[in-house]
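Here's a quick tour of one protein model.

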Amino acid sequence: MKILYIKSCLVLALALTSFGTLAQTRQTVLFNADWKFHKGDTLGADKPLFNDAAWRKLDLPHDWSIEGPFDEKWASATGYLPAGIGWYRKTFDLKPAMQGKNIYLYFDGVYNNSEVWINGHYLGKRPNGFVSFEYDITKYLNPNGKNTVAVKCDHSQFGDSRWYTGSGIYRNVYLVATPATRIDNWGVVFTHGAIQPNFVRGNVNVSFTNTSNKLAAVTVNTVLRDPEGRLIAKGDVSHIIAAPGEHLNKNLPLSISSPQLWSVDHPALYTLAVSISIEGKVKDIIIQKVGIRSAVFDANKGFALNGKSMKLKGVCIHDDAGNFGVAVPEAVWARRLHNLKEAGVNSIRLSHNPHADYLYDLCDRMGLLVMDEAFDEWELGKNKWIAGWNEGKPGQDGYHEYFKDWADRDLADMIKRDRNHPSIILWSIGNEIDYPNDPYTHQVLNTGRNPQIYGKGYTPDHPSADNLTRIAKHLVAVVKQNDTSRPVTAALAGVVMSNEVGYPEVLDVVGYNYQEFRYPEDHAKYPNRIIYGSENGMNAEAWKAVTDNDYIAGQYLWTGIDYLGEARKWPARSSTPGLLDLAGFKKPEFYYRQSLWSDKPMVYIGTSEIPRREGRENHNAEPTWNWPEGKQVRVSCFTNCNEAELFINGTSLGKKTMTGVTSHILTWDVTYAPGELSVKAYNNGVVVSTYKLVTSGEPYALKIIDDNNDYSPLLWQRTIAVVDKNGNIVYNANNEISVDITGYAKLLGLESGDNLSHEDYKANKRRVFHGKLIAYINADPRVEMMIRFNSPGLKPIEINRLK
């Protein structure tokens, strides 16, 4: 990560030197520091002279819902966490370098129903909590005095989503200063044609506006540098006369020789710099990372990247990250994505909304393909569970209330913001909009008995499924107006119903949720339909439906990571189907998926009770070797190797081969004896991977077991474990750990991954789960600090940087 960051800075500097001095050009600064916050509604908070002295001081991003407390009175759908109304205010001076320019406030995301004022002037409202937006604040500013921005977030409808959304200004805010003649927000579009062996023709479309009151003679210039920083293409368009207030759009072709292709294994990124000049002086410039790659879906051959067939090994993810709620630092997501890729994941479905801007940058840099998704509901509301998943009476609040007025703009803005990311291969216009009877229905639902597929049968008082096709056609057209370089998809939950009304035929690529059994029949009936699994379970049979059929492009597991909300009955607070838990720790399911998806030799063993009935795959065999002596125990082995051999205290219990094992799980039923349980995995008779479990003793000390700090030098992500005298993790420990910090460091949070924990996320203490937790600490190793991890009766940990 550090190398990538340094290289990016070098390439950026090289691009900037192409335009000479840039002191008078665009400035974009983070606007996150020194805000004030008040939870609850209050009169007059939009006024500059309002007294906010008693308000809480904080830096953005900020999610007030995660601060809790957890309470059964809130919605299970959103994790039993509070919502409501919140206000933010910030007073600032305009920096001298920004004076005389056009000034814009850019919000990457505010949940939700945000309203914004500057110096008492109302700028507007944005109901959608996931989209990015900006306001021109130029004419309302006091250029030589104090300025006050006020933001109201109204999340009063606390059960307005099927998963946790958080509340507040939970993503970055930027202050942008541009000249009067400026490149428009999201006004640079990079595309390219068919890739030849040694050549590709690129195109840069630039939209810009002259906001001044006089004519401007504009030159548009582009410079493209390869991943090593070498200049490889440039172009310009001169003598453009822009009248006052005129909006213009220009194409600049680029000839790119010997292109380096972006791929999941080698994510080559070019640096594109686009500028506009007036009278020979650069006035505005935008610099972005772009990539060159081909991504092709085929009805018979599935998916190919750069001409090479590959299966999409995907996972779905939501926005949150345990103790951070949805206000997640970039480095935390970098660690999570790194772990997912280690499992063999090559694609991410961003469910079910646009995500933070930096997440797409990470996928670009790390080589992860992306499905970018817009909506979870359209014109009508879905069930949002209040008392527990599928329990009691659901709520109906949600985005559908704004869909008619805002959907086109929200969808277009998602496309415009994200379309230059090479990682994105699909635009999704919706998730499970066709869920049977939630809300749409059709007579075909009377023909089957499976409620997941057919609902409760045809319910004539519900709206007709014919509406799906009408709305989908419109949304697909909105996507195509803004980008034609990627196919449009949707995740279908009721394919049997959607087939009757032609909804799949509106889409370029059709996603099936949990309906692998339909693949052969629908491929035969609709031979031109491109099919993939847009949401799938963990079992081997679901993956076999992909590997056995060339025409299936891949699958997306639900989910890559556990997430807050969509919880069952209290006290559960989160959903736990992930490969990683809320702390980003690898679960047994991680290793099972790694055994199916990764090419690097691996082996894992876990233990469990012997089931009363055989037949169901167990992906949750836990990494512990602590049982009552003499007890019969099931040992499960996940490996991608040919065969494995199990040992108890050095004695072999025999080899087993993976040949003919449809579950892809090897098992031994053994008599527990304390000591060491180990496994060797073989390919062609050679040991290529090993794994072991050791019987642990009583809790004795705390230990840092993961000191990886490569994701950010300033955000420490430390895994703290309870260990015995021999340093072995005590898997069943639940000791409480507290953190005390002296000096220039700050505890950002503690997360154990425990689905049943209602501990205060603002506290400096938390119980471990499965013997460990992760501590997130904002710290600079160059300055003075002392960090101490304590637990009653256990040997503490001390990190001392005091001078």
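A cavity is a set of grid points where a 1.4 Å probe fits but cannot get out. Keep in mind that this is a predicted model. By the cavity rule used here, there are two cavities of 30 Å³ or more.

**The largest cavity**
- The largest cavity has a volume of about 280 Å³.
- It is lined by 22 residues, and the closest to its centre are Tyr-111, Phe-130, Asp-160, Gly-398 and Tyr-399.

- Helix H2 covers residues 330-342 and helix H3 covers residues 357-366; they pack at an angle of about 40°, with their axes 10 Å apart.
- Angles under 35 degrees count as roughly parallel and 65 to 115 as roughly perpendicular, so H2 and H3 are oblique to each other.
- The crossing of H2 and H3 is right-handed.
- On the H2 side, the residues in contact are Glu-330, Trp-333, Ala-334, Leu-337, His-338 and Lys-341. They meet Tyr-358, Leu-359, Leu-362, Cys-363, Arg-365 and Met-366 in H3.
- Sort the residues of this H2 and H3 contact by type and you get eight nonpolar, one polar and three charged.

Notes:
Residues numbered from 1 in each chain as written. Predicted model: local features only at pLDDT ≥ 70, side-chain atom pairs only at ≥ 80, totals over all residues. Heavy atoms only, no water. Axes fitted to C-alpha atoms, helices over the stretch in contact; angles between N-to-C directions. Helix = DSSP H or I, 4+ residues; strand = E, 2+ residues; numbered from the N terminus. Parallel < 35°, antiparallel > 145°, perpendicular 65-115°, else oblique. Left-handed = near helix turned anticlockwise from the far one by under 90°. Contact = heavy atoms within 4.5 Å. Nonpolar A, V, L, I, M, F, W, Y, C, P; charged D, E, K, R; others polar. 1 Å grid on protein atoms, 1.4 Å probe; cavity = no way out; pocket = protein on both sides within 12 Å on 5 of 7 lines; lining within 4 Å. Points joined across faces, edges and corners; volume = space filled by probe spheres on them.
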